[in-house]
Structures are given as C-alpha cells and as structure tokens.
Amino acid sequence: MALDPRLLAVLACPVDKGPLYYLGDDGGLYNPRLRRRYRVQDGIPVMLPDEAQDVPDAEAAALDARIAAGELSPTFGD
C-alpha cells in the first residue's frame, strides 16, 4: 500500500525538519542529509528518531544518485 500523496507532502524528518524521499513501503523514507531511513509499517510511517536506521555508505550513494537523476522526489520543497 503506497502512502497517500497528501501525507507525503507534509512529512519531514523529525531531527533536521528537512524533506524525505519515499522509497515505497518496503524501502521507507530516506533522509540523504543524515543518511537515515524511517520505516513504514502497515502503511504508517514510523517517524521516531530512535527507530530510524543508518543507511550503509554504498546504499546511501546509490540512493543519492537516484535523487540526483530525478528518480526520487522530496516530500516537500525543491
């Protein structure tokens, strides 16, 4: 189940308040500035800083390349 676009439009990182990049329910929400991911559980984003996961360097580089290529859009701004 994909997240509602209206919800995505207002989601921000609870730590730095910047936009996130939605990777699908299996991929969660990615913050490229902190290289952290927030998971989505049963269609609900888990936006607790203590629950976020560090993204390994190689995976972060691949995600950053997708962002630079325009394949992923930020939740707001840009």
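The chain carries 8 positive and 13 negative side chains, with the centres of the two sets 3 Å apart. Here Lys and Arg count as positive and Asp and Glu as negative, leaving out His and the chain ends; each charge is placed at NZ of Lys, CZ of Arg, CG of Asp or CD of Glu. This is a predicted model, in which local features need pLDDT of at least 70 and side-chain atom pairs count only at pLDDT 80 or more, while totals for chains, interfaces and linings use all residues. Residues are numbered from 1 along each chain as its sequence is written, and side-chain values use heavy atoms, with hydrogens and water left out.

**View 1. The overall fold is α-β-β-β-β-β-β-α.** You will find 2 helices and 6 strands here, taken as DSSP runs (helices: H or I, at least four residues; strands: E, at least two) and numbered from the N terminus. The radius of gyration is 11 Å, close to the 12 Å of the globule rule for 78 residues, so the chain is as compact as a globular protein of that length. That radius is taken over C-alpha atoms, and the rule is 2.2 Å times the number of residues to the power 0.38.

**View 2. Tyr 38 belongs to the largest nonpolar core.** This core has 11 residues, including Leu 3, Leu 11, Tyr 22, Val 40 and Met 47. A nonpolar core is a set of buried Ala, Val, Leu, Ile, Met, Phe, Trp, Tyr and Cys residues joined through side-chain atoms within 4.5 Å; buried means under 20% relative accessible area, exposed over 50% and partly exposed in between (1.4 Å probe, protein chains only). Beyond its neighbours within four places in sequence, Tyr 38 is in contact (heavy atoms within 4.5 Å) with residues including Cys 13, Leu 20, Leu 29, Met 47 and Ala 52.

**View 3. Another core, of 7 residues, lies apart from the largest one.** Among its members are Tyr 30, Ala 60, Ile 67 and Leu 72. Across the chain, buried residues make up 37% of the 78 residues.

**View 4. Lys 17 has a positive phi of about 65° without being a glycine.** Most residues other than glycine have a negative phi. Look for Lys 17 in the loop between helix H1 (5-8) and strand E1 (21-22). At 56% relative accessibility, Lys 17 counts as exposed.

**View 5. Arg 35, also not a glycine, has a positive phi near 55°.** The loop that holds Arg 35 runs between strand E2 (29-31) and strand E3 (36-38). With a relative accessible area of 31%, Arg 35 is partly exposed.
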